[in-house]
Amino acid sequence: MSLKNNSIAVVIPYYNASKHIVHVVEKLPDFIDEVIIVDDKGGEKLPLDLLDAVSNSFNVIVVVNEINLGVGGATKKGFLQAILNKHDIVIKVDADDQMDTAYIEKMIDYLIDNRAEMVKGNRFIDTKALMKMPFVRRFGNLGLSFLTKAATGYWNNFDPTNGFLAVNTASLKLINFDKLSNRYFFETSLMSELYFVNARIKDISMPAIYGDEKSSMNIWKMPLLFAKKLTGLFFKRIVKQYFLFDFNICSLYLLVGLPMFFFGIGYGIYNWLYYTSIHAFTPTGTIMIVTISIILGFQLLLQAVQYDIFNAPKSI
């Protein structure tokens, strides 16, 4: 792999991780050109004196937020700074030392070889590493990952909440940063926006490291919050992809399949209630109309899903 013609930056959103930040910076590989630490106004001050003492070959700059923006807001600010500083690749690393930076070289290899536009970690490929993940996180991520596939259109990717990622700035320049979430939905919203520029995303296996770090995320509120946001992303993607930006066979499947399927269900419920109320058998013809409408509508919707999966952006 050649790094000669690529300028590489690491963005670290910092929030209450004073015990870990120095070690995170120390572990970064020496081919990194610049480290952008975004201080997100937490209760623990950034240990600038210790960071100055870290001996590395790259430049370290600190961007201080005026108010707390959240992990997504801090990362966005770091990405914009990396674009402003004309870097080719930007890597997002958390400040709590949960990410093994030894994987960075493998991640950017895909970007440099033009096999993907973004590379992210996947904690579900390695079974041994997966079993080390806390059960609540493992269970929640499994469910959210499937919903995220449908919402973002990236059916070949998993573990969407994994924040260890590398992306080329050329792709970042094409997306609308205002559409990216400021909080824990950031990674999913980033994937959603990258879908519309046909960016390929590659998952690579890597374990997460769980220590004494503190998380401000309320795990029990996340499923409801994510479900609401994922539903909105799903409908936005379908409308944009199949009715605004393009009109193809999948659009026809949806236009015909959805009304037919819901007509069958609605008409079936209506007739079931009606004929039950008058204590009579439902006519065979009515039953056939309901059955055929539901079966054909469902089949067309399955065809639409199959088309969507087949046309998902794929990395090499």
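Lys120 stands opposite Leu165 in E6, one of the strands (E, at least two residues) that, like the helices (H or I, at least four residues), are DSSP runs numbered from the N terminus. The model is a predicted one, so to speak: local features need pLDDT of at least 70, side-chain atom pairs count only at pLDDT 80 or more, and totals for chains, interfaces and linings use all residues. Residues are numbered from 1 along each chain as its sequence is written, and side-chain values use heavy atoms, with hydrogens and water left out.

Back to the strands. E5 (residues 118-122) and E6 (residues 165-168) are joined by 3 bridges and run antiparallel; two strands count as paired if DSSP finds at least two bridges between them. E5 also pairs with E7 (residues 201-205), this time in the parallel sense and over 5 bridges, with Met118 opposite Ile201. As for cover, 5 of the 5 residues of E5 are buried, that is, under 20% relative accessible area, where exposed is over 50% and partly exposed lies in between (1.4 Å probe, protein chains only). Met118, Lys120 and Asn122 point one way from E5, while Val119 and Gly121 point the other way. In a regular strand the side chains alternate between the two faces of the sheet.

E6 has another partner in E4 (residues 89-92): these two pair in the antiparallel sense over 4 bridges, and Leu165 in E6 is the bridge partner of Lys92. On its parallel side, E4 pairs with E1 (residues 8-14), again over 4 bridges, and here Lys92 is the bridge partner of Val11. Both faces of E4 are covered, with Ile89 and Ile91 buried on one side and Val90 and Lys92 on the other.

Then there is the packing. A nonpolar core is a set of buried Ala, Val, Leu, Ile, Met, Phe, Trp, Tyr and Cys residues joined through side-chain atoms within 4.5 Å. The largest one has 34 residues, and Ile12, Ile21, Ile32, Ile37, Ile91, Val93 and Ile104 touch the most other members. Two or more residues come from each of E1, H1 (21-26), E2 (34-39), E4 and H4 (104-112), with H4 giving the most, 5 residues. Apart from this core lies another, of 33 residues, including Met118, Ile175, Ile238 and Tyr242.

Finally, Val239 sits in helix H9 (residues 222-244) and is partly exposed, with a relative accessible area of 41%. Val239 and Ser251 are 12 residues apart in sequence and 9.2 Å apart in space, C-alpha to C-alpha.
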